[in-house]
Amino acid sequence: MSIAEYLAAAMAPAPVRKLLKDLRVTADAVDEAVRSGQAFVWPKQRGAVRYWRVDPEALVRREALDAVAARALTKPELVKAVGTRSYGAGSRTIQAAVAALVREGALGVAKPVGATALVYDPRRPQALVDRSIDMVRERLRKLGIDAAAPAPIHTPAPETPLAERVLEAVGRLQPAPLVPVTAQALRAALAGVSKTEFDACVITLADQRKLYLTTHDHGWALPEAERETLVWDGGAKLYVAVTLRD
């Protein structure tokens, strides 16, 4: 069994000693698997470096977006929520991922009540509104004021076409003109869109000559979890990055 196959079957990051023992491979072989993208280094646990098929930052980003999908959270609440389901990725990794998502615009931060900052999904503002109302009611309750009120009316905002959102996100994420944006970063900025819908939209925009796509030269050799972060054309090609065309 190869290192990639072993880690693809693992249910959690594998400590390096167990990996070396089970597969009878050398540390150099593990390092090569990391360099080729078949394995990812995970933060130490009980003093031991770990390896897995998934990039810890990618997993933490996904979990952070999922955690605020229905309810805005304070930063400590978000770190705790992600920490319980991120296989010991560690608070530093979580905090860094959240900060990156905020910079990219995939997460928003607001202080609707006092000095307490809430992290939320900008595409789901109602989750921020609901949590803010809860916080106001709790503050009034502590002051002995009856905060009972009818449930807020949910008025759905008009949906922006996905193609426009993709082009806007690529333009926002590009550090400079013609500098590619990874498919992983673009997908993170469009949380909630299914992979099928996302991939089809990107391929259509490329066919319309609005985007340029960068092919992954060994995408099919990656573990399935990593292939999921790439854009698939429905045939033989996997794309790792996108760029706005002139």
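Okay, helix 8 to start: Glu-168 and Arg-172 sit four residues apart in this helix, residues 162-173, so about one helical turn separates them. Helices here are DSSP runs of H or I with at least four residues, strands are runs of E with at least two, and both are numbered from the N terminus. The two side chains meet in a salt bridge, 3.0 Å from N to O. By that I mean a side-chain nitrogen of Lys or Arg within 4 Å of a carboxyl oxygen of Asp or Glu. Glu-168 is partly exposed at 43% relative accessibility, and Arg-172 is partly exposed too, at 36%. For the cut-offs, buried is under 20% relative accessible area, exposed is over 50%, and partly exposed is in between, with a 1.4 Å probe and protein chains only.

Quick word on the source: this is a predicted model, where local features need pLDDT of at least 70 and side-chain atom pairs count only at pLDDT 80 or more, while totals for chains, interfaces and linings use all residues. Residues are numbered from 1 along each chain as its sequence is written, and side-chain values use heavy atoms, leaving out hydrogens and water.

Arg-35 is exposed at 61%, whereas Glu-32 is partly exposed at 41%.

Last one: Arg-71 pairs with Asp-134 in a salt bridge, at 3.2 Å between the closest N and O atoms. Arg-71 is in the loop between helix 4 (56-67) and strand 4 (73-74), and Asp-134 is in helix 7 (residues 125-142), so the pair ties together parts 63 residues apart in sequence.
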